[in-house]
Every structure is written in structure tokens, then in C-alpha cells.
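Subject: A structure for you to look at

Dear colleague,

I am handing over a structure that I would like you to read alongside my notes. Please keep it open while you go through them.

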Amino acid sequence: MDVVSDAISAVHLGHPSSHRVRMSGSWCARLDPYDGAGFYVVLKGSCWLLPDGGAPVSLGVGDAVLLPHGAGHVIADAPVDTAVAEEKAVPFEQWLAGTGPRALPDRDEAEMLCGRYWLDCSRLHPLMTELPEVVHLPSRVGSHLELRAAIDLLAGELDERRPGSCIALPSLLDLLLVYIIRSWMTEATSGAWPRVLSDPVTAAALRALHSNPAAPWSNDRLAAEAGVSRPTLARRFTTLVGRPPMAYLTWWRLILAATLLRDTADTLATVASRVGYGSPYALSHAFEREFGTTPGRYRMQAAGRPAPHRTPSTDVKTD
């Protein structure tokens, strides 16, 4: 796999939820912080996103926004201050159920897609960590064509109950997340990982490591794969990624081990083999050094976490 795919897969839990909502009049909803990522795509009209502690964001037709760290926020028809939001905003799930404030008939209708991705935030890849609290991708003619296509497909899938929708809908939602992150990377003016993945040497090395993390990598072999000398690879990789190549590989192998312990019933020996460790003992020792707990305890703790609430996809109209 590649870095972006691996970074998402390592934290992805369950199936995302999605809704198509239509609002008119005066409305205001509140979503408290949670472990996951939320998104909005405006299909018609306009609205405002007011993240906790952040500046209000005006959203127009075609705009997409991702809250990758599950930040608490208010979504409303107009900008409101904190005091007004506390008094006026209804809980998000209640708002979706149509029990929020009654709409006024003299206001233009707004329509949007919204949803959540459930994430295990305990083992985030640094690419995910450095995403801003709000990723806003304004609609521009000719920009982010793949993202726009995914939005159109998703909107169409929510319009009708089509054969195969149980597979198509979560797949399109996952695709939307990938395209939003990809689009952010093309526009980002700060952050290390857009620079990391645009550097041909470091990107080639990362692609090799993520494609086969269990291989017997060495600095010499990885440098040959990237087409540069060992000192050049070490210097560029360490400068951009923040740790030497073999240190990154060790860390990533342990992240993969944690993911396998969480998501599979594989034995520790199988997990060790899949991530490049010669024995369960070697993996256990490295795992405890990195995470402060044994693989067995980690698996039990992961099994004891409550499953994410999965809301079926619905069309909701508030009027």
C-alpha cells in the first residue's frame, strides 16, 4: 500500500455514516467532539460552520469540508456567537431526526451531505496528525475533479435505494475521505507531509517500505530502491520525515502490528511474521517498549472498546 492508504487504514473503524439533509428557515445544530472525522458537502444554498475555538467558515454550493480530528462545532444557517449557539443549537442527532427548530417558509432551502468516519485515534500516522482542525475545499471550476466526481456519485447513491447500495455507499464514503485528503495535500502551504510525498527520493523510499514492510530492509537496500546514495537518503529522509528510515520502519511495523491485533484474530507469531519480526518475543519486546503495554493487553483493551455507533444512511428533511 501507499502512505495515504496506510495512514487511513490504520485508524479506520467500522462503516461511516452519511445523511442527505435539506433545511430551510433558521436552524442551528451542535455536534460535540468525538473520536473520528466529520464531513459536509453543500449541494444547494449556503450555511456556516463554527468550529470550537476557531473562526467561522462560510460554505457555499460545491464546498467540501472535513473535520479530521472530530472537533466540536456548530453548523447553522448564519454565523452566531457562542452565547447564541449555546441557547439556540440543538444536538446534532436530534436535528437530523427532524426535531429541531421549525423552519420558516420565507428562507431559501439549503441542502448538504454530511457524515462521520469512526477512527482509532490512539495510533495516528503523522500525516493524519498534521491535518488542520478544518480542511475547507471551496468549489472552484476545474479544480479537484476527482473529488467532484465522488461527490456527484455519492449524492446520486443517497437519492435512490439501488441494488448494491450497501456496498457502494460505504465505498464511496471512503473514496470521499481519500479525495479530500489528497486535495488538501495539493493545496497545502504548510505541513511536512505534503513536502515529504512531493520529494521524489523520500516518496520512493516510503513507497517501498509501505509496499512491503516485512521485507529485510537495510539502509543500503532502501537507498538503492530510491536510486540515491545511502548518505543522501538518510539526510533527505530524516530532514523531511523527522526520523531516520530504519527508525520510521520500526515504528510503522509496530503500528501495523497494533492494527492487526485490533482487527484480526491472528496469533502473535503470525502478526510478527506479517510485520517483519523474526519471533513473537522480538515483537512483544519492541511493542512494549513503544506502547508501554504488551500485545496481549493491547488486544484485550481494543476488544473491550465499545463499537462505533453506526447510523444507517438516510434522507432527512427539516422543514
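Predicted model: local features only at pLDDT ≥ 70, side-chain atom pairs only at ≥ 80, totals over all residues.

Residues are numbered from 1 along each chain as its sequence is written, and side-chain values use heavy atoms, with hydrogens and water left out.

I begin with a sheet. Strands of a sheet pair through backbone hydrogen bonds, either parallel or antiparallel. Here, five strands form an open sheet in the order β5-β4-β7-β2-β8, and the pairing is mixed. At its edges are β5 (57–59) and β8 (90–91), each of which pairs on one side only.

Within this sheet, β7 (residues 73–76) pairs with β4 (residues 47–51) in the antiparallel sense over four bridges, and Leu 50 has Val 74 of β7 as its bridge partner. Four bridges also join β7 to β2 (residues 28–31), again antiparallel, with His 73 in β7 as the bridge partner of Leu 31. Both faces of β7 are covered, since His 73 and Ile 75 on one side, and Val 74 and Ala 76 on the other, are all buried (under 20% relative accessible area, whereas exposed is over 50% and partly exposed is in between, with a 1.4 Å probe and protein chains only).

Strand β6 (residues 64–67) is likewise covered on both faces, with Ala 64 and Leu 66 buried on one side and Val 65 and Leu 67 on the other.

Turning to a helix, α10 (residues 230–241) has twelve residues, and among them Thr 232, Leu 233, Phe 237 and Val 241 are buried. Seen down the helix axis, the buried residues fall within an arc of 115 degrees, so they line one face of α10; the arc is that of the directions from the helix axis to the C-beta atoms. On the other side of α10, Pro 231, Arg 235 and Thr 239 are exposed. After α10 comes Gly 242, whose phi is positive, near 100 degrees.

Notes. Pairing = 2+ DSSP bridges. Helix = DSSP H or I, 4+ residues; strand = E, 2+ residues; numbered from the N terminus. Expected span 1.5 Å × (residues − 1).
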